[in-house]
Amino acid sequence: MDANLFDNLNTAQRQAVEVKDGPVLVIAGPGSGKTRVLTSRVAWLLEVRQVYPYRIMAVTFTNKAAREMRDRLNRMVGAARANDLMLGTFHSICARILRREAPLIGVDRDFTIYDADDQLNVVKAALSELNLDEKKYKPGAVHHAISTSKNELIWPEDYKPDTYFNEIVRRVYEKYNAILRANNALDFDDLLTEAVRLLRQNQTVRDRMQERYLHVLVDEFQDTNIAQYALINLIAGRHRNLFCVGDPDQSIYKWRGADYRNANRLSDDHPDLSVIALDQNYRSTQTILDSAMAVIRKNPNRRHIKLFTEHGQGAKVVVRELFNADEEAQYVVDTINELVSQQAAQAGDIAVMYRTNAQSRAIEDAFVRAGMPYKLVGATRFYARKEVKDVLAYLRIVNNPADSISLQRIVNVPPRGIGEKTFATLDEIARANGMTGLEVLKQGKLSGRSAKALGEFSTLWQQWVRLRDELNVGQLFDHVLNTSGYREFIQDGTEEGADRWANVQELRTVAEASGDAPLSDFLSDVALVSESDNLEETANAPVLLTLHAAKGLEFRCVFIVGMEDGILPHSRSFDDPEEMAEERRLLYVGITRAKERLYLLRAFRRGTYGPSEVTNPSRFLDDLPAGLLDGKSRKNAALQADVTRWKGSAAAPLSSYNLTTEFKAGDRVYHQKFGEGIVQRSIRQRDDEEVEVYFDDGKIKRLSAGISGLKKL
DNA sequence: CTTGCTACTCTTTTT
DNA sequence: GAGTAGCAAG
């Protein structure tokens, strides 16, 4: 049995697995088997140390990672033990704890979990209750401030506003939380903060949890936030067996509150912390590792790490410039075909990664044109689709009649003659009396034109709630869809309607799979699914995903597209060195996903929206040593591009190239979107001219003379 | 109350 | 260029 536990682990990894009890931090580079070490440690605790499974808590970054860990443990120690572990993401584990202790935190067991979309609606509701203007205080910005506070465990009463805007935030924050509680709901952040608050304030619960969890293990530790850090320290507070695994260089979720300095806190808070480093890489060729190190080395304040492998040098990194996003996508598709036909890789071994979801579109188009299958992770996420959210909202109001955000969503979908005004009146009465919408409707207090429509809806709603405990989730799903009129509403005979109905059916399959489990469990699970969850291993097709979603995955061949300043690094990071460092880590994560082949691509022109503009190569390309590359890094990159692709794309033939420019420094110019400005300089770019203009409103733009429609005044 | 039109803001990244 | 918020008319 022991041999099985350490199968394929080397000495260093084994030492990490068998490290003595107490606080431990494993700092491990990419591809060093971090997750395998963590999994083996769990298996070893169960098998060798004979720890009861329910006394172990293991936290993963995604649900998918949790599932994979459970599968592996099933094989290693058997399902009987693996199933009793407390295993999942921070959010799912907290949801489980809070569901059990719900009365202690002021909600009941059937509380709804609000996602980003719902949260924004709550902010809007709070703003309107406070008579604040949405235009002046952007709901997104206010919500971001609230979410940041929650992740740092700052409650409304502790919130110290230092600006006028923050004073507004404080007021909205208070109201926002009040609305959540009135709706019997918690938001994503509450799952963490309320769990921390519960453990801090309730000694009975704290004692029970601390006694129970003999071992707490955390994967992807570099992406934990303050609340998560507090939580694991609380839970492990008694036995102090805290086993954290992570890589500071792969911290890419600062914008979500992740704080890689938690590693420093860990050593400050635990003077007896054992630190273990794992530097050997089992994934990539040396060329890929050297490229990755060349990129990450430029970041300040990092522990120097030298990654090494026994895999040999391998192929050079291919750097290419293509004309525009479409040709970039075509290059990806063509190269994949080549790789597959040369048997260098199977389709399923290949990934295409990008910085922003919007970039997937051109790639998808190219795959569709070529008639090739692909797997898309995230983007127009299944659970973000309107029809899916609508159906879930129906189920939510059945499960939790206090959920006014969901009620608002579907009360007039399909149109029943219950408009905005009517809903507002209903909601007001409910709030004023501390009642749920359903209770108000039952009393039939609303009169006037809409009374009849409200009465009919009330009858339906009451019937659904009665049936909630009689039918299982699948049956209830069908019943609600049939009686609400939503089915006919979606199936309107159009092609789009058929697509939407197919999505509803897909959701039904998920509902059906929950069997006789309570409705609240189903809704909870659905609220906490992650982007990469729908990545099934079966289909042998290339994967399209964002760099963020690529974390923890590996592929034989990786294409990273959009290697341009403004995309990667993203333009939003230009004026903040911390954010720029995170962009660099993001590229580092992307590069280190590749086992054998890496392609770094960029487009000479790219359209964000509107006409396409000339781009600049990513500054990160400069950091790659020429010796590792097939193609030039940056200087003269254009000359490397396949000349034939440029033909017919714009004006002049190649032979007519000269150095004269239409615009000269100092020219007064006009642009339709940006207004008037002065030309700083203008440079010949192959068959076009790149003009840098200082506009009167202070903006500096680089425009294409041919496409932008720039005029001399 | 609903429908249909125009105008405007977006694009980081997601548990 | 696209999705939606806001508005006017029916």
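Colleague: Which residues of H26 are buried?

Modeller: Keep in mind that this is a predicted model. The buried residues of H26 are Met580, Ala581, Glu582, Glu583, Arg584, Arg585, Leu586, Leu587, Tyr588, Val589, Gly590 and Ile591. That is twelve of its 15 residues, and the helix is mostly covered.

Colleague: How far apart are the end C-alpha atoms of H26, and what should the helix span?

Modeller: They are 21 Å apart. H26 runs over residues 577–591, and at 1.5 Å a residue its 15 residues should span 21 Å, so the two agree.

Colleague: And what caps the N-terminal end of H26?

Modeller: Aspartate 576 does, with a side-chain oxygen 2.9 Å from the backbone nitrogen of glutamate 578.

Colleague: Where is proline 569?

Modeller: Proline 569 sits in the loop between S13 and H26. Leucine 568 is joined to it by a cis peptide bond, with omega about 5°. Valine 413 and proline 414 are also joined by a cis bond, with omega about 0°. Proline 414 belongs to the loop between helix H18 (404–410) and helix H19 (420–433). Most peptide bonds are trans.

Colleague: New topic. Which residues have the most contacts inside the largest nonpolar core?

Modeller: Leu191 and Phe221, in a core of 46 residues. Helix H12 (residues 226–235) gives the largest share of this core, seven residues.

Colleague: What does leucine 191 touch?

Modeller: Leaving out residues up to four places away in sequence, leucine 191 touches His91, Cys94, Ala95, Leu98, Phe111, Ile113, Leu186 and Leu528.

Colleague: On to S8. Which of its side chains are buried?

Modeller: Ser274, Ile276 and Leu278, which point to one face. S8 pairs with strand S1 (residues 24–28) in the parallel sense over five bridges, and valine 24 is opposite serine 274.

Colleague: Last one. Is asparagine 184 buried or exposed?

Modeller: Asparagine 184 counts as buried, because its relative accessibility is 7%. This residue is in the loop between helix H9 (164–182) and strand S5 (185–187), and has a positive phi of about 55° although it is not a glycine.

Colleague: And glutamine 343, buried or exposed?

Modeller: Glutamine 343 is exposed, at a relative accessible area of 70%. Its phi is also positive, near 60°, and its place is the loop between helix H15 (325–341) and S10.

Note on methods:
Residues numbered from 1 in each chain as written. Chains lettered and ligands numbered in written order. Predicted model: local features only at pLDDT ≥ 70, side-chain atom pairs only at ≥ 80, totals over all residues. Heavy atoms only, no water. Helix = DSSP H or I, 4+ residues; strand = E, 2+ residues; numbered from the N terminus. Expected span 1.5 Å × (residues − 1). Buried < 20%, exposed > 50% of the residue type's maximum accessible area, 1.4 Å probe, protein only. Polar contact = N/O pair within 3.5 Å; in protein donor to acceptor, adjacent residues only side chain to side chain. Pairing = 2+ DSSP bridges. Core = buried A, V, L, I, M, F, W, Y, C linked by side-chain atoms within 4.5 Å. Contact = heavy atoms within 4.5 Å.
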